[in-house]
Amino acid sequence: MPANPSPDHRSDGQARRETVVVLAGGDGAHPDLLLPAADLVVAADSGAELAVRMRLAVDLLVGDLDSIKADTLVRLREGGTEVHRHHPDKDATDLELALALATAEDPTRLILVGGHGGRLDHALATPAALAAVARPGRQVEAWLGAASVQVTQDEARIDARPGELVSLLAWGGLVHGLSTDGLRWALHDFTLEPGSTRGVSNEATTSLARVSVTSGTLLVVRPHALEPAADGTPVAGRPAPTEGP
């Protein structure tokens, strides 16, 4: 699926890239995941292999390229993909480099697919990298297998099934003014400390829940987002709609 230019334009007259998809290596995408049209697709090294499986055209490829297949690299180059190759002895992960490219033009929405792959260090580094590119007004989300992670510094809408687990975690410092709507155990103007489990294992009570914070970085985790409901109802996997909270 090729990238689709956004109708909005920057001050220099070029199309602004509102929605950016970043593909990382690891276990790949859940089969039920559906992605919106992207204005830019960035692959982090073997994330290009994921792009091939998902039939996504890659605009930018970045990393030390030690994990991508040689024929895939050739095919991408011939297809016009812009390649940013780094020395293996670099000071950042391929994912961090990809996120830097993805946010260079200040998109309003960033979606990461992959990035876990069963390695604990990568599983811990991924939310850290996402938190680093979060800012008020930007939707930042990741799909890690069947799990969804949203990172917000202001507001987030949560498209969940009633009864679905939703956990709220403070990242990198205190989260102030945390308020929820549509979760079983409500919080109102609450201060959530990093390391606190107060927000773990909450539950959605409606198909559209909301959270808001006045400051800090909040992770909204749905560990079973793309798994079938307890009654066997299948899930139509998709990222949250583009509309704001």
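Colleague: At what angle do helix 1 and helix 2 pack?

Modeller: Bear in mind that this is a predicted model, where local features need pLDDT of at least 70, side-chain atom pairs count only at pLDDT 80 or more, and totals for chains, interfaces and linings use all residues. Residues are numbered from 1 along each chain as its sequence is written, and side-chain values use heavy atoms, with hydrogens and water left out. Helices here are DSSP runs (H or I, at least four residues), strands likewise (E, at least two), numbered from the N terminus. The axes, lines fitted to C-alpha atoms over the stretch in contact, with angles from 0 to 180 degrees between N-to-C directions, are 10 Å apart for helix 1 (residues 47-54) and helix 2 (residues 70-78), and the packing angle is about 70°.

Colleague: Are those two roughly parallel or roughly perpendicular?

Modeller: Under 35 degrees counts as roughly parallel, over 145 as roughly antiparallel, 65 to 115 as roughly perpendicular and the rest as oblique. With an angle of about 70°, helix 1 and helix 2 are therefore roughly perpendicular.

Colleague: Which residues of helix 2 make the contact?

Modeller: Contact means heavy atoms within 4.5 Å. Helix 1 brings Ala48, Glu49 and Val52. On the helix 2 side, the partners are Thr72, Arg75 and Leu76.

Colleague: Which residues of helix 1 are buried?

Modeller: Buried means under 20% relative accessible area, exposed over 50%, partly exposed in between (1.4 Å probe, protein chains only). The buried residues of helix 1 pack against helix 2 and several strands, including strand 1 (19-23) and strand 5 (109-113). They are Gly47, Ala48, Glu49, Leu50 and Ala51.

Colleague: Which side chain does Glu141 join in a polar contact?

Modeller: Glu141 sits in strand 6 (residues 139-144) and is buried, at a relative accessible area of 4%. A polar contact is a pair of N or O atoms within 3.5 Å; within protein, one must be able to donate a hydrogen and the other to accept it, and residues adjacent in sequence count only if both atoms are side-chain atoms. At 3.2 Å, the partner of Glu141 is Arg109.

Colleague: What is the phi of Asp106?

Modeller: Most residues other than glycine have a negative phi. Asp106 lies in the loop between helix 3 (94-102) and strand 5, and is partly exposed at 30% relative accessible area. It isn't a glycine, yet its phi is positive, about 55°.
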